[in-house]
Amino acid sequence: MIVEQIWTANSGRNFNYLIACEHTGEALAIDPLDHEKCLAAAKAKGWAIRQILNTHEHRDHTGGNAQMVAATGAKLLAHAKAKDKIEGIDRGLAAGDVITVGKTVELLCLDTPGHTMSHICVKAQGDRPALFCGDTLFNAGAGNCHHGGHPNELYNSFAAQLARLPDETLIYPGHDYIARNLSFTLDREPDNAAATALLPKVEKQDTAKALVTTLRQEKEINTFFRLSSPSVIARLREAFPDLPDRPDEKTVFLKLRELRNKW
Ligand SMILES: [Zn+2]
Ligand SMILES: [Zn+2]
């Protein structure tokens with residue numbers, strides 16, 4: 001499997017992706033908002049885009065579909081429940097479905113509601129697992145729930161699915177928000193050494209060659225995976241004095257999400 005992360009350089013800081021089979025040159029485009037950049041990248045590599053996958057229905061993820069279909073004839077895949085929200089879906093996906101790209105790539109569909117209620121993530125199988133997580137999981141952060149989502153479901157998706165993936169899983173999110181998210185982590189957990197060390201590096205990074213984190217690293221730098229950290233809980237109690245002595249992880253997640261909304 002070859003992954004091409006495409007930096008759109010737009011105000012939304014979107015990442016688009018191409019996933020290609022090295023044997024056949026067939027490719028799948030994830031959320032190809034910047035269809036021109038995606039098409040140019042495929043052309044440069046000699047790849048044929050046969051499928052488009054939308055992680056969810058927001059316009060900054062679906063806005064390139066029509067032009068991409070017109071240029072390539074690719075089939076459109078998205079959550080089966082998004083059929084009234086995304087035009088022209090050819091294949092509706094559910095948890096456990098497998099998407100094949102060429103002869104060598106298999107992507108497993110995860111149903112991960114929270115940012116919206118029809119959001120999927122896909123996990124590339126194979127020697128090195130990789131997760132394409134749209135607006136559910138960001139580097140050092142979590143998606144918001146303002147536009148059709150629910151924080152309870154977002155917590156469930158994190159706890160029951162994402163946190164249980166292999167630690168070496170590579171994380172490919174839908175946006176570059178890492179610097180701002182690390183600042184939030186440090187606001188919540190000022191003694192987080194890994195986040196302190198990483199922030200100056202990503203502030204200066206070339207986003208066209210952005211850092212790709214692993215789930216192991218996310219568990220160190222992403223406050224939404226650090227729900228039992230004594231330091232996170234102590235600091236949270238300053239904002240929520242009624243917080244119980246040993247709050248459960250869901251309570252901590254929901255309070256962090258609430259603070260991040262206003263931060
Ligand atoms: Zn979104
Ligand atoms: Zn988005």
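How are the donor residues of the zinc ion (ligand 1) spaced in sequence? They follow the pattern H-x1-H-x56-H-x19-D.

## About the model

This is a predicted model, in which local features need pLDDT of at least 70, side-chain atom pairs count only at pLDDT 80 or more, and totals for chains, interfaces and linings use all residues. Residues are numbered from 1 along each chain as its sequence is written, chains are lettered from A and ligands numbered from 1 in the order in which they are written, and side-chain values use heavy atoms, with hydrogens and water left out.

## The zinc ion (ligand 1)

Let's meet the donors behind that pattern. His56 (NE2), His58 (ND1), His115 (NE2) and Asp135 (OD) coordinate the zinc ion (ligand 1) at 2.1 to 2.3 Å. Donors are N, O and S atoms within 2.8 Å of the metal (3.2 Å for Na, K and Ca); water is not among the atoms, so sites may look incomplete. Both His56 and His58 are buried (under 20% relative accessible area, with exposed over 50% and partly exposed in between, using a 1.4 Å probe and protein chains only).

The angles among the 4 donor atoms run from 91 to 167 degrees, and the site is irregular. Four donors count as tetrahedral if all angles lie between 85 and 135 degrees; four count as square planar and six as octahedral if opposite donors are over 155 degrees apart and all others between 65 and 115; anything else is irregular.

## The zinc ion (ligand 2)

The zinc ion (ligand 2) is coordinated by Asp60 (OD), His61 (NE2), Asp135 (OD) and His175 (NE2), at 2.1 to 2.4 Å. Asp135 coordinates both zinc ions, which are 3.4 Å apart. Along the sequence, the donor residues of the zinc ion (ligand 2) are spaced D-H-x73-D-x39-H.

This arrangement is irregular too, because its 4 donor atoms subtend angles of 85 to 162 degrees. Asp60 counts as partly exposed because its relative accessibility is 24%, whereas His61 has a relative accessible area of 1% and is therefore buried.

## Around Ala140

Now for a residue in a loop. Ala140 sits between β11 (137–138) and β12 (141–142); such strands (E, at least two residues), like helices (H or I, at least four), are DSSP runs numbered from the N terminus. With a relative accessibility of 1%, Ala140 counts as buried.

Leaving aside residues up to four places away in sequence, Ala140 touches Ile178, Asn181, Leu182, Thr185, Glu218, Ile221 and Asn222, where contact means heavy atoms within 4.5 Å.
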